[in-house]
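Hi,

Here is the structure I promised to pass on to you. My notes on what turned up in it follow below; have a look and tell me what you think.

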Amino acid sequence: MNRVIPLQSAAAACDSQDRAILKERGQREVFCGLTGIIWLHRKIQDAFFLVVGSRTCAHLVQSAAGVMIFAEPRFATAIIDDHDLAGLADANEELDRVVDQLLTRRPDIKMLFLVGSCPSEVIKLDLSRAAERLSKTYTPRVRILNYSGSGIETTFTQGEDACLAALAKEIPRHAQDHPAQREVDLLIVGCLADVVEDQFSRIFNELGIESYAFFPPRRSGDIPCLGPNTRYLLVQPFLTETARVLDDMGAKRIPAPFPLGVEGTEGWFAAAAKAFGIDPNHVEKVIAPKRQRANLALERQRQVLNGRSIFFFPDSQLEIPLARFLHRELGMQLTEIGMPYIHRQHLAEELALLPAEVSLSEGQDVEKQLDRCRNYRPDMVVCGLGLANPLEAEGMTTKWSIELVFTPIQGFDQAADLAELFARPLVRRTKFAA
Amino acid sequence: MKLTLWTYEGPPHIGAMRIATAMEGVHYVLHAPQGDTYADLLFTMIERMNKRPPVTYTTFQARDLGGDTAELFKDAARSAYARFKPDLLMVGASCTAELIQDDPGGLAAALQLSVPVLPLELPAYQKKENWGAAETFYQMVRLLGKDYVLSPGEKRKPRPAGLPPSCNILGPTALGFRHRDDLVEIRKLLRQIGVRVNVVAPLGAKPEDISRLHEADFNVVLYPEVANSAAQWLSKNFGQPSTKTIPIGFNATRAFIEEVCTLAQIHCDIDELTKRSRARWYALSVDSTYLTNKRVFIFGDATHAIAAAKVASQEMGFQVVGLGTYSRELAREVREAASQYGIEALITDDYLEVEQRITELQPELILGSQMERHIAKRLKIPCAVISAPIHVQDFPARYSPQMGFEGANVLFDTWVHPLMMGLEEHLIGMFREDFEFHDGAAPSHLGHGHQRTPANEANVASEPTPVPEVAVANGAPVTESVWEPEAQKELNKIPFFVRGKAKRNTERFAIERGLSTISLETLYDAKAHFGR
């Protein structure tokens, strides 16, 4: 089957090892890892996230959550006060008291994450020991885990990575020791919208891969079991620590591009199919109609986006796969792609698909990067919420990157939705220009 | 350590940012880790500002902690100074940097910049946003005013003959609840009275304006949470008195005008100024009689809560059944205000406590912040927003002040619109079997978005009722009363928007009298007992 647009071959693109990457440090206009709680608490529906931090942490999560949701949330902050710092109160005893108060109030909670923050890290409050201690009291009613979402250690989506890494350590191995859990051949790792999970399940079934599970599970009790030959497939490019934990447990990563856009999704499924020795003809038979439908849907957005230039400020870590999709499938011109950090190994397949002339930057010095952006004068800027309106006021068209982590964008049937997210600001601009 | 689901105020450095962002020619270098830049979006997204707040964050990381975070701060301060060329540099630490004790003030002083440096110490583990704003403003007024301080015993020079009286307007900040529009309204009022405005601060002021504050005859304090401490310092050191009346509501605006005239030593025709106000007449018009003694619960910052209680009680004819604030600094004032309504003030920053109090009181209207709006939504009680914490809806595109005569008009509209309109309420009472007036029908002016579903209706019915164990009948205390079918049927004839209260009242009445069943008679006995 021919694709609608000719694609550059991977060989024509430059080898990822040779790329010069601009490394900067300075002011970062990026959220910290606590922000991930906003989608994680919706994903694992019986889990509660207790940030152990300051009023700033509470204010950040509240502000980033779109400023106050009306339902009682499944996250909260244990706000450290001066009594805790002055040693007047034993911080550990205080934490135990707060956890007791919380779990009494919410008997429906099956899993509690103690989430470390900048202040808790700096005062060296050991949350892993606290989790161990509290587990003794609350097991089996509640499992208590911990991870750090602090800004001194994590950036934005790394919070999800830290959370999933903590959860991955809980994955049992060998079903014979854990009869309640099922052993899987394939673990699909990273938060996906439920609708995308369901689509992916159908495709795996059609391909003939039947023993698989999504991680994190929707309910904390549904954690699958690792077998001796379990392989895993990442859905997000920011799961460094989680992958390391799984590697240590003996699971094998299937190298693949990320399932964004038609090409990325196809490459992702094809990598899985290959790993399980599935006949390429069968794969083509399964994928072809989905590819065709997705390309048809992309056509409308391509007319808007083709030839337009785009600049990425570092934010969600999705920048490289997104740039690859927008360039190769929609014909956008890439200027600079900024990422908080670049994991060369997990992004190897993606980097190979990028054109040689694009500049990549890692880290951030926001003022300098703004200067470069103004200099490029791109047709579209992808950035965080702090920068978007000021750039719009300067006459630039922007796309907020945070929306990309809240919206179902992975897979064949979401490729056009993803493209539309980028087309919308441009379409809007033309409406006002008329 | 305190378990917190939602917070009413941010940390104190957010208050400092509100001052820096309100002003011109000021830059704030904040020693802070990555993530603290979230604060920018409060201004760019919630307030929809078209520029970034003038703040540089040092963004230190874990790996810097063993090394030289102080050097990182100096670099950031130096390059911010070079890039933004401010007339004044504010320096300070967010909560995490406070713990590593780098002393931003000392470090900045060592840079020997050629502009004033304002070092801020805002204890993040004790204090909150409004305190941070007040402290920052006070420190800035002191720093830039100290050269003009009257020497001990020295009297303020009288205003030269022929010059009109002048005042400063103190308090409006960035990210303030309707500050922008209040300011327009108060400026207009002062112009009509014949008082010249010397400086407005912090909103729109430059550092050089702050050093001119002493030139005014007196100060108009619009937001005591932010401006009280600065105004006290100005009073002490320059002999400038300040206004105490907050011009929210028709009566308070009149009182404010009188106070300004006294301080300015001029006369003005207040009746002439009030002529075009509508709020008072609207409240007097017969259509408003249905507002009489509506039970209202009020919660917000101290200034707005106290003012709202006055307006609710004296200008709208409501009954204030609850009054509270999260501003602990002004708790005394709120307690005093509450005692005038024969109630006890709720002083808390715990959202759950507020929710519990509202649930107990079952008011007919809530005047609160966006947090209470969510409580109101869940409990299906009409609500209007009168105070920060700030939300994108608190920056409406239209002109919408809270202060002055136009502010009073805005209050009338905003508080009355969530309620069922007078005639509609009566019609529902009379024709409740009419298909358009069925239980599920929302107030007609609120549109389809507010329609009730059978599911959330059931929720209301099955809501647990707090059951006090009081009365003893036949030896055993009655803790629960069962509704007889006939009484239940009659209960369902009561309009849905008062049914919850009627149900609770009747059950309480029954339990207090040790009745294990509720009959038709019990329902009407309770109605007679609780009737206003």
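Between chain A and chain B, about 5300 Å² of area is buried, and carbon and sulfur atoms give 61% of it. Buried area here is the accessible area (1.4 Å probe) that two parts lose on being put together, summed over both. Bear in mind that this is a predicted model, where local features need pLDDT of at least 70 and side-chain atom pairs count only at pLDDT 80 or more, while totals for chains, interfaces and linings use all residues. Residues are numbered from 1 along each chain as its sequence is written, chains are lettered from A and ligands numbered from 1 in the order in which they are written, and side-chain values use heavy atoms, with hydrogens and water left out.

In terms of contact (heavy atoms within 4.5 Å), 66 residues of chain A meet 60 residues of chain B. Four salt bridges cross the interface, a salt bridge being a side-chain nitrogen of Lys or Arg within 4 Å of a carboxyl oxygen of Asp or Glu. Arg25(A) and Asp64(B) form a salt bridge, with 3.0 Å between the closest N and O atoms.

On the chain A side, several elements each supply at least two of the residues that touch chain B, among them strand S2 (47-53), helix H2 (55-64) and helix H14 (366-376). Helices (H or I, at least four residues) and strands (E, at least two) are DSSP runs, numbered from the N terminus. H4(A) gives the largest share of that side, eight residues.

The two chains also share strand pairing, which requires that DSSP finds at least two bridges between two strands. S3(A) pairs with strand S1 (residues 2-4) of chain B in the antiparallel sense over three bridges, and there Ile79(A) stands opposite Lys2(B).

Within chain B, four strands make an open sheet with parallel pairing, in the order S3-S2-S4-S5. Its edge strands, S3 (55-57) and S5 (117-119), each pair on one side only. On average, neighbouring strands are turned by 20 degrees against each other, direction ignored. Axes are lines fitted to C-alpha atoms, for helices over the stretch in contact, and angles run from 0 to 180 degrees between N-to-C directions. Helix H1 (residues 12-22) of chain B packs on this sheet, touching S2, S3 and S4 of chain B, and its direction makes about 160 degrees with that of S2(B). Strand S4 (residues 88-93) of chain B is joined to S5(B) by three bridges in the parallel sense, with Met90(B) opposite Leu118(B).

Best wishes
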